[in-house]
Amino acid sequence: MSKQTTITESRGASHARHSSRSQVIADLGLEQYVMQLEVDGLCVVPPEVHGVPIAVFDEMVEFLLKRSASLVGCTFSLERGPHAEVTFKSDQQRSGLAEDPSKITQFLIQQLGSQHRMFRDLAVNPVAVALIKHMIGSKVTRFSSNNSFVKWQGEFGYGPNLGLHADQSAVPLPWGRTALTANTNWCLTDYTLEGGAFAYVPGSHRFASRPQFPSAVAQAVPVEAAKGSVIVFHGATWHGAYPRKIPGMRISIANYYRHMMVSSQEDYRNSFDRDLAKDCVNPELFWALCGFDDEFPYCEQSQPVPRVLD
Ligand SMILES: O=C(O)CCC(=O)C(=O)O
Ligand SMILES: [Fe+2]
């Protein structure tokens with residue numbers, strides 16, 4: 001083997017190592033979505049690209065309506081929302097929502113990964129995870145939470161500011177180009193403006209700051225998307241939602257991811273059942289995203305110590 005060949009081959013190998021992230025994107029045919037993420041900080045991926053059958057979303061809706069009923073105490077239907085008047089106790093108020101608890105027309109169902117295998121499978125969807133890893137970094141991506149946003153008709157929604165925020169807001173400024181968190185919102189019902197669509201400011205991830213008010217509200221646009229679509233967005237992208245002004249429900253699943261140096265919302269390492277983690281379509285990936293084998297945080301002496309010679 002000539003010296004020249006060796007140099008060329010070693011360059012080739014090093015190039016292959018460095019381009020592996022974009023190779024995954026190319027293999028899955030996701031270049032146009034990566035481009036949109038770069039430019040707008042958000043993209044919408046349709047079912048024919050992410051490959052999850054619509055029947056799976058139907059099953060998820062059925063599950064979440066039943067779960068809503070058991071948590072809230074009344075029947076829920078897609079056409080009517082809750083079949084009784086419901087309210088939060090005033091001491092249970094969620095920040096960023098209506099100041100009057102009787103105006104709140106949404107709640108979160110948390111820890112979906114522990115509730116059914118279909119939610120674990122969704123959290124490791126190869127297309128969603130490839131786009132998220134593209135923004136955060138392949139080896140350093142972890143789960144932050146797997147929650148459902150359950151909403152129904154109400155004029156107020158998140159109020160006049162549309163609840164606009166950037167998900168990585170708890171991280172101090174300045175932010176760089178790498179996403180410190182990144183999110184997927186799976187639309188389990190159609191997203192329309194009147195129906196309470198997701199709101200966002202295109203390109204706002206490049207401002208590398210938290211939202212500025214009131215200008216952010218004027219810059220916001222609705223993300224109208226058919227049931228089964230997944231909205232993927234950068235942790236620095238300014239977003240919120242419009243109020244649902246028409247009868248019925250708007251349901252989504254937010255599978256939220258983080259850089260391993262950012263703390264998670266759900267505590268997977270201390271509370272997630274390892275057998276459940278193994279029971280999904282890609283157990284190795286699920287395990288890695290839970291961070292079960294991460295070096296930090298340790299809870300006992302983890303480094304070796306020297307001992308005096310006998
Ligand atoms: O749909 C919404 O209400 C907003 C969702 C959101 O803020 C999120 O998933 O981070
Ligand atoms: Fe958010």
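**Entry 1: the sheet.** I began with the open sheet of six strands and read its order as β1-β9-β6-β11-β5-β4, with antiparallel pairing. I noted that β1 (42-45) and β4 (106-109) each have a single partner strand and stand at the edges, so one side of each lacks a neighbour in the sheet. I was working from a predicted model throughout.

**Entry 2: one strand pair.** I then looked up β6 (residues 181-187) and β9 (residues 230-234), which run antiparallel and are joined by five bridges. Within this pair, I located asparagine 183 opposite phenylalanine 233 of β9.

**Entry 3: a helix on the sheet.** I turned to helix α5 (residues 54-72), which packs on the sheet and touches β4, β5 (141-152) and β11 (249-259). I recorded an angle of about 105° between the direction of α5 and that of β4.

**Entry 4: the whole chain.** I listed 11 helices and 11 strands for the protein. Its radius of gyration is 21 Å, close to the 19 Å from the globule rule for 310 residues, so I regard the protein as being as compact as a globular protein of that length. I noted that 37% of the 310 residues are buried. Of the contacts between residues at least 6 apart in sequence, 82% join residues at least 24 apart.

**Entry 5: confidence.** I checked the pLDDT, which averages 92, with 91% of the residues scoring at least 70. Over residues 1-16 I found values below 50, and this stretch has one contact beyond near neighbours in sequence.

Terms used:
Residues numbered from 1 in each chain as written. Chains lettered and ligands numbered in written order. Predicted model: local features only at pLDDT ≥ 70, side-chain atom pairs only at ≥ 80, totals over all residues. Pairing = 2+ DSSP bridges. Helix = DSSP H or I, 4+ residues; strand = E, 2+ residues; numbered from the N terminus. Contact = placed C-beta atoms within 7 Å. Axes fitted to C-alpha atoms, helices over the stretch in contact; angles between N-to-C directions. pLDDT = per-residue confidence, 0-100. Rg over C-alpha atoms; globule rule 2.2 N^0.38 Å. Buried ≥ 20, exposed ≤ 12 C-beta atoms within 10 Å, placed from the backbone.
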